[in-house]
Amino acid sequence: AVVPAAQTHSTGIFLVEERHFSVHRLSLGARIEHLEHDPGALNRGAYNLLSLSSALHLELGPQQHLRVGLSRSERAPDVQELYSFGPHLATSSFDRGDGSLEKESALNLDLGWHAEIQQVSLAIDLFYTRYSDFIFSGEVDEDGDGEADRYDEEHSGDSEPEHDEHAEESLLIVQYQQDDARFWGGELDARYNLNRNHSVGLFGDVVRARRNDGGRLPRIPADRIGLRYDGYHNALSFGARLTRVLPQSRATALEGNTAGYTLLAADLAWSLVTATGELKLSLRGRNLLDEEARNHVSFLKQLAPLPGRNFGLGLEYSF
């Protein structure tokens, strides 16, 4: 087993309060928790956690509002992060936990502005998070050759990790670790209603992450931007989405960069409402341009791309 059998005991108490000021609203929350991991023969992990949150909802008019959130949260490392040691075949990796991991704490600020003005709907959300002892999993280079180490069962008794030039025959060594870090980014979702039955939209999101010393973090999502169309006509609904995923060149040296790609998806559905329920027949197409797409957040991105052009037919009855 990748992770040894372990019992986790958690005891907590939380409180959420809300106060209205005319049309505005203030929310406050707090949670205290004690958590213990008992992995048997290995070292027990015990953590005292405190999380605090606040959110202010400001109604700027009948059709728009602003949300400001500030929170401080603490998270204990989970069993996988602490005690993993073995081949994880789902990710083609050899996972190694770290039993000395400390609890992770985060200070987060997020802003959100949502508006519906005539035919336009707009949502903008921004966030900034500062982590202390951020927990993540990443490749290692213990032999100093500039390439990610791999584990080969045939050489599992060797004192040093093996670097196998045939990557598909060995497992990538992944080590859980922690460091102070900063995350920031945002997302945009805009929609324009052409009429009652047709709308077009623009969407996108971006994430940036750095260690406090300026180093990079592995598997940070690539930037995305896209266009969307949705329509209805009687019992028919249809839509299309074009998403451009930009190249991710802000990767760590050991994980490598990924190229950008464009995904085109389309959906068509027909619904029949009866006295006893609703019958829905749907046809969907994904990656219609048959692009080679590699998800940067996946451990398998260099080994397995996302599916090529594919179609799905569905029949659903709700009653």
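These notebook entries record what I looked up in a predicted model.

**Entry 1: strand pairs**

I began with strands E5 (residues 85-88) and E6 (residues 93-96), which run antiparallel and are joined by four bridges. Which residue of E6 is the bridge partner of histidine 88? I found that it is serine 93.

I then turned to E13 and E14, an antiparallel pair joined by ten bridges. Here glycine 239 has aspartate 267 in E14 as its bridge partner. E14 also runs antiparallel to strand E15 (residues 278-286), with eight bridges between them. Alanine 269 stands opposite serine 282 in E15.

**Entry 2**

I looked up the volume of the second largest pocket, which is about 210 Å³. Its lining consists of 15 residues, and Asp230, Phe238, Gly239, Ala240 and Asp267 lie nearest the centre. Gly239 and Asp267 are also the bridge partners noted in the first entry. Which strands each supply at least two residues of the lining? They are E12 (224-233), E13 (236-245) and E14 (261-273). By kind, I recorded seven nonpolar, three polar and five charged residues in the lining.

**Entry 3: salt bridges**

Side chains of opposite charge can pair when their charged atoms come close. I found 21 salt bridges in the structure.

One of them joins the side chains of glutamate 104 and arginine 75, at 3.4 Å from N to O. Glutamate 104 belongs to strand E7 (residues 104-117) and arginine 75 to strand E4 (residues 64-75), so the pair ties together parts that are 29 residues apart in sequence. Is glutamate 104 buried or exposed? Glutamate 104 is buried, with a relative accessible area of 8%, whereas arginine 75 is partly exposed at 31%.

A second salt bridge joins aspartate 223 and arginine 250, at 3.6 Å from N to O. Aspartate 223 lies in the loop between strand E11 (198-211) and E12, and arginine 250 in the loop between E13 and E14, 27 residues apart. Aspartate 223 counts as buried at 13% relative accessibility, while arginine 250 is partly exposed at 28%.

I also looked up glutamate 292 and arginine 294, whose closest N and O atoms are 3.2 Å apart in a salt bridge. Glutamate 292 is exposed at 59%, and arginine 294 is partly exposed at 22%.

Finally, I noted a network of salt bridges linking Asp189, Arg191, Arg228 and Asp230. Asp230 is also among the residues nearest the centre of the second largest pocket.

Note on methods:
Residues numbered from 1 in each chain as written. Predicted model: local features only at pLDDT ≥ 70, side-chain atom pairs only at ≥ 80, totals over all residues. Heavy atoms only, no water. 1 Å grid on protein atoms, 1.4 Å probe; cavity = no way out; pocket = protein on both sides within 12 Å on 5 of 7 lines; lining within 4 Å. Points joined across faces, edges and corners; volume = space filled by probe spheres on them. Nonpolar A, V, L, I, M, F, W, Y, C, P; charged D, E, K, R; others polar. Pairing = 2+ DSSP bridges. Salt bridge = Lys/Arg side-chain N within 4 Å of Asp/Glu carboxyl O. Buried < 20%, exposed > 50% of the residue type's maximum accessible area, 1.4 Å probe, protein only.
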